[in-house]
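Terms are given with their cut-offs at first use.

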Amino acid sequence: MKSQLLVYTICLALSIASCKPNESGRVKKEVKLSDKQHFDEHGNHNPDFDHDAFLGEEEALAFKDLSPEESKEKLGQLFERVDKNGDGFLSEDELKNWIELQQNGALYKETERMFQAHNLDGDDKLTWDEYNMTSFSGFPLEKLVTLKENEFMDYRKRVRHDKARWSKADVNRDEALDKEEFLAFAYPRERQHMRDIAVSETMEDMDKDGDGFVSLEEYVNDLWSGEGSEPDWVAIERKGFGEYRDQDGDGKLNSDEVAEWIMPSNYDPTMSEAKHLIHETDSNKDKKLAKSEVLENFKLFVGSRVTNFGEMRHDEF
């Protein structure tokens, strides 16, 4: 029986290797509602950014081209779902909440997939023993002994990082993670109480010379492989490093500056986008949007595409 369990564990560990949260938990750039640029260097507006923000990037990619009439009809139906209090207007808070819902949909879906992959007994809690068995104890011994020294050190670092994350994510200290706690474990940048963990991991990964700071060279090397000619976006990042990443102007980033980079404390991207949508479409300047204002500006919200909004339910996560 034990040998069968060992074989099962090894196979399971190999099958879920791609769903380890370690690499996915730290995204180096600031929180973005879309991979597209909102404005180009000339200040020209890109409506595809707003489509991704309002509808969710994954859903936006799946939209089918519709006529303006069809788009307006579908957007009118969507308006009713965003207007939670049913007063016939969209407030900043309603838009913000809707945008958050769309952005979190993919996150919840991926968290659910990882949770179930590690959850050996199928209950609503994930224990460290389950996670350890599926992530580390099941790692084939013959593979482990063939790792190079740097690969073995990376393996040990991952175990250490995961233990620290687990302890921080276990808010109620019951030595197990529910799905919401596991989300914080897998994606520490998504939860404010995980901020110190996210920062310490980022500093450790980027600070190659171990001086406790991130230099411009370390910053650029972490974002770009250095292969080929330097792309334009790297030049923009270099400029941004000096203009607003390095807040004290000493030519390097300390832990506080890294924290403000990866998890800004005074910037809410979803509220910023909600304000932007209202600013662009609020014709009577009453700081809320009537359905007529939304439909008149349908290209900003959905362009010629519409979501499969009937399936966008995340309240059962």
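Buried means under 20% relative accessible area, exposed over 50%, and partly exposed in between (1.4 Å probe, protein chains only). This is a predicted model, in which local features need pLDDT of at least 70 and side-chain atom pairs count only at pLDDT 80 or more, while totals for chains, interfaces and linings use all residues. Residues are numbered from 1 along each chain as its sequence is written, and side-chain values use heavy atoms, with hydrogens and water left out.

**Helix 11**

- Nine of the 12 residues of helix 11 are buried; these are Arg195, Ile197, Ala198, Val199, Glu201, Thr202, Met203, Asp205 and Met206.
- Helices (H or I, at least four residues) are DSSP runs, numbered from the N terminus.
- The expected span of a helix is 1.5 Å times one less than its number of residues; for helix 11 (residues 195–206) this gives 16 Å, which agrees with end C-alpha atoms 16 Å apart.

**Aromatic contacts**

- Rings of Phe, Tyr and Trp (its six-membered ring) pair if their centres lie within 6.5 Å; planes under 30 degrees apart count as stacked, over 60 as edge-to-face and the rest as tilted.
- The structure holds 10 aromatic pairs.
- Trp128 and Trp166 form an edge-to-face pair, with 5.3 Å between centres and 75° between planes.
- This pair links helix 7 (residues 128–137), which holds Trp128, to helix 9 (residues 149–169), which holds Trp166, across 38 residues.
- Trp128 and Trp166 are both buried.
- Tyr131 and Phe185 are also edge-to-face, at 5.1 Å centre to centre and 85° between the planes.
- Tyr131 is in helix 7 and Phe185 in helix 10 (residues 179–186), so this pair ties together parts 54 residues apart in sequence.
- Tyr131 has 0% relative accessibility and counts as buried, and Phe185, at 0%, counts as buried too.
- One aromatic cluster is formed by Phe115, Trp128, Tyr131, Phe136, Trp166, Phe182 and Phe185.

**Salt bridges**

- A salt bridge is a side-chain nitrogen of Lys or Arg within 4 Å of a carboxyl oxygen of Asp or Glu.
- The structure holds 15 salt bridges.
- Asp196 and Lys168 form a salt bridge with their closest N and O atoms 3.6 Å apart.
- Asp196 lies in helix 11 and Lys168 in helix 9, so the pair ties together parts 28 residues apart in sequence.
- Arg113 and Glu110 meet in a salt bridge at 2.5 Å, N to O; they are three residues apart in helix 6 (residues 92–118), about one helical turn.
- Lys96, Glu100 and Asp268 are linked in a salt-bridge network.

Conventions. Helix = DSSP H or I, 4+ residues; strand = E, 2+ residues; numbered from the N terminus.
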